[in-house]
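I opened the notebook with a plain plan. I look up contacts and folds in one chain, then the partner chain, then the confidence.

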Amino acid sequence: MSEIVNLECARAQGLLASYVDGDMGKDDSAWLSGHLTDCAKCREALSAFSALDSELTGWGRKLSRWNPPPVDARERLAGTLRERATRRRAIRWIPAAAAAIAAGLGILAIAPRPSPPAQTHEQTGFVEIPYLAPLDPHENATVVRIQIRVATLISVGYRVTADPDAIVPADVLVGEDGRAHAVRVAADVGLDGTGD
Amino acid sequence: MTADEGTANAVRPATAAELAREEALRWFDELCDPLRRYLLCAGANAADADEAVQESFLRLYQHLEKRGDRSNLRGWVFQVARNYLRDERKSARHQKTVPLDDAMERDGRFADPRGSPEHSALGEERLRRLGMAIDKLGPQQRECILLRASGLRYREIAEVMGINISSVGTLVQRAVARLSEELA
């Protein structure tokens, strides 16, 4: 008999939590009311439970009152979440941007450079002035027709078979920098740009 | 394109980040107070409790955005806050050793920083004894009691702890019996 009572008391005391919250089902509630009517020990347990339960919940409420939360706690959280989302969007763009830049550089690296323009008719037969950097094939050059003394051609490094005192017509190839880069003369002048 | 398709395209669906943000803020509205009380009752000072609350909901946002397990988010938040507080305390201990009396003086569970009239010396002594008695409980009983002090209902405590409500009832009843003895 006492084992049954103990089991019933154990069941009753396990229900006290739901009882104080009013969260019990109808059946459990009816059973517990009946048991409490008959069992002084459980009535005492309920009384102690309720008192300490009130003290506990009151304790939490008091601490919260004594240490009120910052008024802007929610705004602070919302702001941080917004920042994170923005940063995440930015971070998400970084690989895409990096990939785009890398792809662009790759394209530049593998893309065929524009081929040097085909030599124009005027350029044909030009002999580069010795010891000068050759003209870039992409450079816009100008051809200037002049009369030049053969000795002048010799003085800039050409080997010439014609009479140094002779004056011959010559086409001078002038680069974008305004400097002469090559000279074209008639074949009988015997111009050779290999220098000395 | 049909008219329906046009309308669907015009209303841009919320991104995962936006949905996670809204949901994290909803949970904040629901759990901020009890979580903060729980931390204060567990011995955090107000500044630490506020930091732990912020951090917990930031982590909740990340968890939601990554589509983490949603089976017990309420319990998840309390767990994160508890771990955060524990880690902060460990870190603080590494930085500085606090004399016991000083630590007790700063313990939020016993002190009314504003010295309100309701906070009598008698009340303070009672709360101090209650806090110390709670510290002597086993981990599960202590957790139940702290969650109750935070204002959660017992069925919510069962959810947070991942146990059934009758187990909570038994744990609390035993804890209350022990506390009654300690405080008698």
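**Contact range.** I started with how far apart in sequence the contacting residues of chain A lie. Counting contacts between residues at least 6 apart in sequence, I find that 60% join residues at least 24 apart. This is a predicted model, so I keep the confidence scores in view. For burial, I note that 21% of the 196 residues of chain A count as buried.

**Elements of chain A.** I listed five helices and six strands. Read from the N terminus, the order is α-α-α-α-β-β-α-β-β-β-β.

**Strand pairing.** Next I followed β5(A), residues 180–185. Which strands does β5(A) pair with? One partner is β1(A), residues 127–128; the two run antiparallel and are joined by two bridges. Within that pairing, I find A:Glu128 bridged to A:Ala182. Another partner is β4(A), residues 167–174, also antiparallel, with five bridges. Here A:Val174 stands opposite A:Ala180.

**Chain B against chain A.** I turned to the contacts between the chains. On the chain B side I get 44 residues, and these are in contact with 32 residues of chain A. Which elements of chain B each supply at least two residues of that side? They are α2 (16–41), α3 (46–65), α6 (121–135), α7 (139–149), α8 (154–161) and α9 (165–183). Of these, α2(B) gives the most, with 11 residues. I also sorted the chain B side by residue class: 23 are nonpolar, 10 polar and 11 charged.

**Confidence.** Last, I checked the scores. For the model I noted ipTM 0.73 and pTM 0.61. Chain B has a mean pLDDT of 80, and 76% of its residues reach 70 or more. Where in chain B does the pLDDT fall below 50? I find it below 50 over residues 97–106. Beyond near neighbours in sequence, that stretch has two contacts in the model. Where pLDDT is low, the predicted coordinates should not be read in detail.

Methods: Residues numbered from 1 in each chain as written. Chains lettered and ligands numbered in written order. Predicted model: local features only at pLDDT ≥ 70, side-chain atom pairs only at ≥ 80, totals over all residues. Helix = DSSP H or I, 4+ residues; strand = E, 2+ residues; numbered from the N terminus. Buried ≥ 20, exposed ≤ 12 C-beta atoms within 10 Å, placed from the backbone. Contact = placed C-beta atoms within 7 Å. Pairing = 2+ DSSP bridges. Nonpolar A, V, L, I, M, F, W, Y, C, P; charged D, E, K, R; others polar. pLDDT = per-residue confidence, 0-100.
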